[in-house]
Amino acid sequence: MSDDLLANQNIDGIPLVPEPSQAVLNERQKVDYAEHRRRLIQWGLHFGKDPDRADGYAYETVRVRACRLDAFYRWVWTEKGRYTTAITHEDADAYMRELVYSDSSNTHKANTQKALKMLWKWKAHELNEEPWEPAVTFSNYGGSIKPRDFLTRDERTRLREAALEYGTIPHYNSLTAEERSEWKALLAQRFGKPKSDITRADFDRANGFKIPSMVWTSLDAGLRPVEVGRAKVSWVDVENAVLRIPAEESSKNEDNWVVSLQPRTAEVLRLWLEERQQYEKYADTDALWLTRRGNPYKSYSLSHLLKKLCEVAQIPTENRKMSWYAIRHSVGTYMTHERGLAAAKAQLRHRSERTTLRYDSAPIEDRRSALERMG
């Protein structure tokens with residue numbers, strides 16, 4: 001189907017494949033996306049408000065929400081690195097968390113969430129999927145509610161330790177020839193290369209410091225997913241145990257930021273910087289961390305990594321909206337509790353103290369101790 005035909009495909013003037021999506025999809029994907037959108041838009045117009053009464057939303061409501069949903073789908077494709085219409089609850093929650101820290105108005109955030117709610121209303125009614133209960137809610141008249149999940153002090157310790165254990169393998173010299181062959185097969189799968197090309201250097205790489213440095217730095221600095229992806233070698237000041245984030249590279253801020261790190265985190269970063277020089281994919285980039293495929297980390301890949309780390313650390317994730325922001329929320333919660341709002345505001349790089357106020361509540365374990373003391 002030609003771009004001209006697709007450009008003219010619409011439902012009462014609501015485009016099935018808006019121009020921004022046409023620019024990133026191939027011809028087959030455009031056809032599939034157009035059909036997916038057709039079903040959703042028609043349902044919204046005729047059934048969306050009250051499916052049981054066949055009462056649809058107003059035209060303008062559906063038109064605006066269809067536009068917001070197109071932006072959401074394109075965000076998912078970027079995060080996952082591929083086209084898909086199989087959108088999940090986790091995708092929606094990750095998008096909402098991105099909105100929490102965006103400079104968009106509360107009205108925009110609330111209206112975007114309404115669009116996603118319409119999407120899942122359609123999925124539940126037409127596709128028999130589970131309804132979506134957002135981890136974050138927005139109001140046109142107020143701020144956002146704090147995401148419900150963050151890591152406890154004990155979980156932060158266990159996650160830090162799990163990062164040292166995750167993905168490690170026995171030392172090359174400690175293995176028999178048969179064991180070495182088995183580990184080579186595993187590393188070939190992990191690194192995406194033939195088993196015959198696996199060398200001793202790959203064994204050292206498997207026990208490297210990339211994951212510990214990324215996790216530990218996030219546990220100290222409360223890095224947002226986008227900041228993990230943007231992080232540069234030039235940010236790292238090992239001698240003074242700080243990150244120095246320039247204004248032009250900071251997320252949602254206009255000032256330079258100096259972010260404190262623990263000495264042991266600085267030491268792990270030093271080891272990673274030495275190790276990083278050995279890898280060809282870092283030769284022409286200042287990126288601090290890259291995925292196995294040489295791409296910057298994004299919310300989806302970080303959430304996947306966190307879930308794996310939680311398995312190693314035996315941190316329960318059932319009935320929890322666990323994402324990389326759980327690390328950031330724990331930094332805000334405990335920094336506020338230990339050193340006050342000013343310290344948390346600086347460490348989390350907030351422009352406004354109003355944003356930091358979301359963390360001004362006693363952690364659950366402290367409230368439990370208070371209850372025990374109260375009798």
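Q: Helices are DSSP runs of H or I, at least four residues, numbered from the N terminus. With that in hand, which helix holds both Glu-274 and Arg-270?
A: One caveat before we start: you're looking at a predicted model. In it, helix α12 carries both Glu-274 and Arg-270, and they sit 4 residues apart, about one turn of the helix.

Q: What do the side chains of Glu-274 and Arg-270 do?
A: For a salt bridge, look for a side-chain nitrogen of Lys or Arg within 4 Å of a carboxyl oxygen of Asp or Glu. Here the side chains of Glu-274 and Arg-270 form one, at 2.7 Å from N to O.

Q: Which residues are linked with Arg-270 and Glu-274 in a network of salt bridges?
A: Glu-267 joins them, so you can read Glu-267, Arg-270 and Glu-274 as one salt-bridge network.

Q: How many residues apart are Arg-38 and Glu-35 in helix α3?
A: They are 3 residues apart, about one turn of helix α3, which spans residues 27–46.

Q: Which side chain meets that of Glu-155 in a salt bridge?
A: That's Arg-320, at 2.9 Å from N to O. This pair ties together distant parts of the chain: Glu-155 belongs to helix α7, while Arg-320 is in the loop between α13 and α14, 165 residues away.

Q: Why does Glu-155 count as buried?
A: Its relative accessible area is 7%, and the cut-off for buried is under 20%.

Q: How many salt bridges does a search of the whole structure find?
A: The search turns up 15.

Q: Which element gives the largest share of the lining of the largest pocket?
A: Helix α13 does, with 4 residues.

Q: How do the residues of that lining divide into nonpolar, polar and charged?
A: You get 15 nonpolar, 10 polar and 11 charged residues in the lining of the largest pocket.

Definitions and conventions: Residues numbered from 1 in each chain as written. Predicted model: local features only at pLDDT ≥ 70, side-chain atom pairs only at ≥ 80, totals over all residues. Heavy atoms only, no water. Helix = DSSP H or I, 4+ residues; strand = E, 2+ residues; numbered from the N terminus. Nonpolar A, V, L, I, M, F, W, Y, C, P; charged D, E, K, R; others polar. Buried < 20%, exposed > 50% of the residue type's maximum accessible area, 1.4 Å probe, protein only.
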